[in-house]
Amino acid sequence: FKEKEMRLIRSLADGCETILELGTGQNSYYHVRGRNYKITGIDIHEPSLIKAKENGKIDDYNEGNVLNINQIFNENSYDLVCAFDLIEHLKKTTDIS
């Protein structure tokens with residue numbers, strides 16, 4: 001993303017205490033110095049999540065399929081839920097609803 005887009009993305013976190021990033025991989029677009037929110041990542045590839053946690057990119061992680069988040073997390077348990085660079089990894093026949 002360009003700097004202008006990153007400012008917009010990060011502005012969405014203003015006032016948030018918790019963020020759930022779907023398909024987070026090894027990085028988080030919400031990882032910034034001095035952040036005052038907790039980032040939880042979910043990804044089907046656990047080694048990427050472990051690396052992100054070790055590098056301080058996320059605070060907590062869950063290995064799992066993002067299509068099953070309603071079975072993994074309680075409704076309304078995060079202030080912001082986001083997904084970046086995810087849709088291209090889903091099967092075209094998947095019903096995203």
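The exercises below, each with a worked solution, go through parts of a predicted model.

In this predicted model, local features need pLDDT of at least 70 and side-chain atom pairs count only at pLDDT 80 or more, while totals for chains, interfaces and linings use all residues. Residues are numbered from 1 along each chain as its sequence is written, and side-chain values use heavy atoms, with hydrogens and water left out.

**Exercise 1.** Find which strands pair with β2, and in which direction they run.

Solution. Helices (H or I, at least four residues) and strands (E, at least two) are DSSP runs, numbered from the N terminus. Two strands pair if DSSP finds at least two bridges between them.
- Step 1: β1 and β2 run parallel and are joined by five bridges.
- Step 2: β2 and β3 also run parallel, with four bridges between them.
- Step 3: T40 in β2 stands opposite L20, and the bridge partner of T40 in β3 is D60.
- Step 4: Buried means under 20% relative accessible area, exposed over 50%, and partly exposed in between (1.4 Å probe, protein chains only). Five of the six residues of β2 are buried, so this strand is largely enclosed by the rest of the structure.

**Exercise 2.** Describe the surroundings of D43.

Solution. Lys and Arg count as positive and Asp and Glu as negative; His and the chain ends are not counted. A salt bridge is a side-chain nitrogen of Lys or Arg within 4 Å of a carboxyl oxygen of Asp or Glu.
- Step 1: D43 belongs to strand β2, residues 38–43.
- Step 2: D43 is buried but has no salt bridge, and the nearest side chain of opposite charge, K51, is 13 Å away.
- Step 3: A polar atom of the D43 side chain lies 3.5 Å from the backbone nitrogen of T24.
- Step 4: Contact means heavy atoms within 4.5 Å. Not counting residues up to four places away in sequence, D43 touches several residues, including G23, L49 and N62.

**Exercise 3.** Locate the salt bridge and state which parts of the chain it ties together.

Solution.
- Step 1: A search of the whole structure finds one salt bridge.
- Step 2: The partners are R35 and D59, whose closest N and O atoms are 2.8 Å apart.
- Step 3: R35 lies in the loop between β1 (18–22) and β2, and D59 in the loop between α2 (46–54) and β3 (60–63), so the pair ties together parts that are 24 residues apart in sequence.
- Step 4: D59 is partly exposed, with a relative accessible area of 28%.
- Step 5: A polar atom of the R35 side chain also lies 2.9 Å from the backbone oxygen of Y37.
- Step 6: Leaving aside neighbours within four places in sequence, R35 is in contact with Y30, G56, K57 and D59.

**Exercise 4.** Identify the aromatic pair and its geometry.

Solution. Rings of Phe, Tyr and Trp (its six-membered ring) pair if their centres lie within 6.5 Å; planes under 30 degrees apart count as stacked, over 60 as edge-to-face and the rest as tilted.
- Step 1: The count comes to one aromatic pair.
- Step 2: F73 and Y78 form this pair, at 5.5 Å centre to centre and 85 degrees between the planes, which is edge-to-face.
- Step 3: F73 counts as buried because its relative accessibility is 13%; Y78, at 22%, counts as partly exposed.

**Exercise 5.** State what stands out in the backbone of N76.

Solution.
- Step 1: Most residues other than glycine have a negative phi.
- Step 2: N76 is not a glycine, yet has a positive phi of about 60 degrees.
- Step 3: N76 is found in the loop between α3 (69–72) and β4 (80–83).
- Step 4: N76 counts as exposed because its relative accessibility is 73%.

Notes: A polar contact is a pair of N or O atoms within 3.5 Å; within protein, one must be able to donate a hydrogen and the other to accept it, and residues adjacent in sequence count only if both atoms are side-chain atoms.
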